[in-house]
Amino acid sequence: SFNSFRYIQPILRMSSKIPHVFSKQHKLNLYRKLLKEGKKLPSAPRRSLVYNKTRNQFKKHIDLIDSKLIREEIIFAHDQLDYIRHQVIHLKKYLDDDQVS
């Protein structure tokens, strides 16, 4: 998951904010936040993409037991949540500006 350089900085930046032990509730809350933020995207294809990718990734990794891999996936999910939040802000601003013109 972390082959790309662009993920290195967010991981280093966020790793101190993320707990070392991940409860089932923490994972479930993260899943819900990703889905909730994805619903805010202004275009249906993007909403669908976020929904499907989130579900698929959580299902794919549900049986992980290696704590290091779990931590990497949680950090990646937090990074994606941040990315979705920024997309929501910028796309809504872009669409609002476009309607004014």
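Good morning. Q87 sits in helix α4, which covers residues 67-100. Helices here are DSSP runs (H or I, at least four residues), strands are E runs of at least two, and both are numbered from the N terminus. With a relative accessible area of 16%, Q87 is buried. By that I mean under 20% relative accessible area; exposed means over 50%, and partly exposed lies in between, with a 1.4 Å probe and protein chains only.

A word on the source. This is a predicted model, in which local features need pLDDT of at least 70 and side-chain atom pairs count only at pLDDT 80 or more, while totals for chains, interfaces and linings use all residues. Residues are numbered from 1 along each chain as its sequence is written, and side-chain values use heavy atoms, with hydrogens and water left out.

Next, confidence. pLDDT is the predictor's confidence in each residue, on a scale from 0 to 100. The protein chain averages 80, and 74% of the residues score at least 70. Helix α3 (residues 44-60) has the highest mean, 94, and helix α1 (residues 8-14) the lowest, 45. Over residues 1-14 the pLDDT stays under 50, and the model has 16 contacts beyond four places in sequence for that stretch.

Now the overall architecture. The protein chain has 4 helices and 0 strands, so the order from the N terminus reads α-α-α-α. Of its 101 residues, 27% are buried. Considering contacts between residues at least 6 apart in sequence, 77% join residues at least 24 apart. The chain exposes about 7600 Å², of which carbon and sulfur atoms supply 56%; the areas come from the Shrake-Rupley method with a 1.4 Å probe, and for residues only the protein chains shown count as cover.

Which residues make up the largest nonpolar core? There are 11 in all: F22, L30, L34, L41, V50, I70, I74, A77, L81, I84 and V88. Helices α2 and α4 are the elements that give two or more residues to this core, and α4 gives the most, with 6 residues. A nonpolar core is a set of buried Ala, Val, Leu, Ile, Met, Phe, Trp, Tyr and Cys residues joined through side-chain atoms within 4.5 Å. In soluble globular proteins, nonpolar side chains tend to be buried together. One member, L30, is in contact with F58, I74, A77, H78 and L81, leaving aside neighbours within four places in sequence.

I turn to charged pairs. The structure holds 2 salt bridges, each defined as a side-chain nitrogen of Lys or Arg within 4 Å of a carboxyl oxygen of Asp or Glu. K40 pairs with E37, with the closest N and O atoms 3.1 Å apart. R85 also forms a salt bridge with E37, here at 3.8 Å between the closest N and O atoms. Because R85 lies in helix α4 and E37 in helix α2 (residues 24-39), this pair ties together parts that are 48 residues apart in sequence. Is E37 buried or exposed? E37 is buried, at 11% relative accessible area, whereas K40 is partly exposed at 35% and R85 is partly exposed at 36%.

Finally, I62 is placed in the loop between α3 and α4. I62 is exposed, with a relative accessible area of 62%. I62 and K27 are 35 residues apart in sequence, and their C-alpha atoms are 9.8 Å apart in space. Thank you.

How values were computed
Contact = heavy atoms within 4.5 Å.
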